[in-house]
Amino acid sequence: MANLIEVVYFVAAALFILGLKRMSSPRHARDGIVWAGVGMVAATIVTFFIPDLHNFGLMIAAIIIGSGIAFVSAKRVAMTDMPQMIALYNGMGGGAAAAIAAVELIKLATHETAMHGQVAINLAVLGAVIGTVSFSGSLVAFAKLQGWLRKALRFPYQQAFNLLVFAGMIGSGVYLAFVGADVSMIALFFVLALAFGVLMTVPIGGADMPVVISLYNALTGLAVAFEGFVLNNAAMIIAGTVVGAAGTLLTQLMAKAMNRSLSNVLFGSFGAVSSAGDESVEGSMKPIEASDAAVMMAFAEKVIIIPGYGLAVAQAQHKIWEMSKQLIENGVDVKFAIHPVAGRMPGHMNVLLAEAGVPYDRIFDLDEINDEFNTTDVALVIGANDVVNPVARTNPDSPIYGMPILNADYAKNVIVIKRGQGAGFSGIENALFYSDNTRMLYGDGQEMANQLIQGIKEL
Ligand code: NAP
């Protein structure tokens, strides 16, 4: 039986890896999720056959309650709230790893069973630190994405206070690993780790959340892998390592997209928000009617469309592609430019455009397209804000300073579709909207795309 369990774990691990591989393209990303899901179901079922397991009732109850909550919430969640949901589920993974560590450490303290040697104890403590920080940090990230925590929280001597909590957490962890486990020290250790996760995440404001979310994703994977060693569970080790590696790569990509080094993200003035970022911008916003915007685009040679979070809110992807097809029929060269942190989760815009059927050869990354704006007649910004804010180039005090942006302002004309004066995620004013060559097309993204379609039809 033990061999059979190992074989199933191996197959499950292979399915995780192959599933991840299939997620690399929107063409077969759905299959990838199914493959990995089948692997997860197989690993869960075979776990019931591990010798000397008790608590079957609790295991089944946990699976029913967990799956029930996940099923209902995943069915109900709006597409625009998906990033929060991912942050929450990610946090649960870290929390689960930490809970395993807590149980093993308590068993050690009460001499119920000893873990197999010092290495296992060290890994349990390490996994507990990482999992707990990732758990409470992800909950704060959830609150920020949900809009419950809009401002970055700062207080005097914050860095020193954080350092103190960090030192306490490491100190109590080292005590547990090398001196001995006792229940009150275990409690102190977890309280400090929970507090550190919160303290580390609350000061992060502006647009740095993508880096944080991917970092916690990587940390959760690592915590699960460490606890896999503790439980001697191959599937957990492999799945955790895969998530840890994928999350690390994603963190690097997101850090690159924000133009921050990882060490700056971890130890620097991480996402510090300065009031100078709120400085007012000169000029005025000039509105335009949809019919005039339609004329501008229909008679252009080249139009680049820049989607952002507002496209997801308005669910305007189908309409904007319908409009693009009209323009293409009129001989206009239409391209889509995607910023790596546009929307609220990595790949958010790619998913929406793929859903609408936009061909992949019309979709370009920032690096591929940024030099083309100089020769573009119209840059159509729909629901994007931070990713086209020129202040990232000009104002060193801005929270998004240094972040590469899409050079929409270099186009001959810019049309911005948004509902009103709403700020972007980082909460700062956008100089692009006040620029001489920019016209504001006020309204909901889908409704405005509809009006543009009508406008082009009537020409
Ligand atoms: P953004 O800066 O959040 O701006 C979105 C804009 O869309 C708003 O200014 C809003 O203005 C407009 N909008 C909202 N609903 C709309 C609707 N129904 N129709 C038309 N417009 C609508 O978006 P972004 O340029 O995509 O930038 C993404 C931001 O999120 C970055 O700061 C990024 O760092 C952050 N972030 C990204 C991720 C990620 O992984 N991609 C994760 C977390 C955070 P109105 O209210 O006036 O309409």
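Trainee: What makes β1 largely enclosed by the rest of the structure?

Mentor: Six of the six residues of β1 are buried, so the strand is largely enclosed by the rest of the structure. Buried means under 20% relative accessible area, exposed over 50%, and partly exposed in between, with a 1.4 Å probe and protein chains only. Lys302, Ile304 and Ile306 point one way from β1, while Val303, Ile305 and Pro307 point the other way, and all are buried. Please note that this is a predicted model, in which local features need pLDDT of at least 70 and side-chain atom pairs count only at pLDDT 80 or more, whereas totals for chains, interfaces and linings use all residues. Residues are numbered from 1 along each chain as its sequence is written, and side-chain values use heavy atoms, with hydrogens and water left out.

Trainee: How do you know that β1 and β4 pair?

Mentor: Two strands pair if DSSP finds at least two bridges between them. Strand β1 (residues 302-307) and strand β4 (residues 378-382) have five bridges, in the parallel sense. Among the bridge partners in β4 are Leu380 for Ile305 and Ala379 for Ile304. Strands themselves are DSSP runs of E with at least two residues, and helices are runs of H or I with at least four, numbered from the N terminus.

Trainee: Which sense of pairing do β1 and β2 show?

Mentor: They pair in the parallel sense over four bridges, and Val303 stands opposite Val334 in β2.

Trainee: Why do β3 and β6 stand at the edges?

Mentor: The six strands form an open sheet in the order β3-β2-β1-β4-β5-β6, with parallel pairing. β3 (363-365) and β6 (438-442) each have a single partner strand, so one side of each is left without a neighbour in the sheet.

Trainee: Why are α5 and α8 called roughly antiparallel?

Mentor: The axes of helix α5 (residues 117-145) and helix α8 (residues 209-231) come within 8 Å and cross at roughly 150 degrees. Axes are lines fitted to C-alpha atoms, for helices over the stretch in contact, and angles run from 0 to 180 degrees between N-to-C directions. Angles under 35 degrees count as roughly parallel, over 145 as roughly antiparallel, 65 to 115 as roughly perpendicular and the rest as oblique. The two helices are therefore roughly antiparallel to each other.
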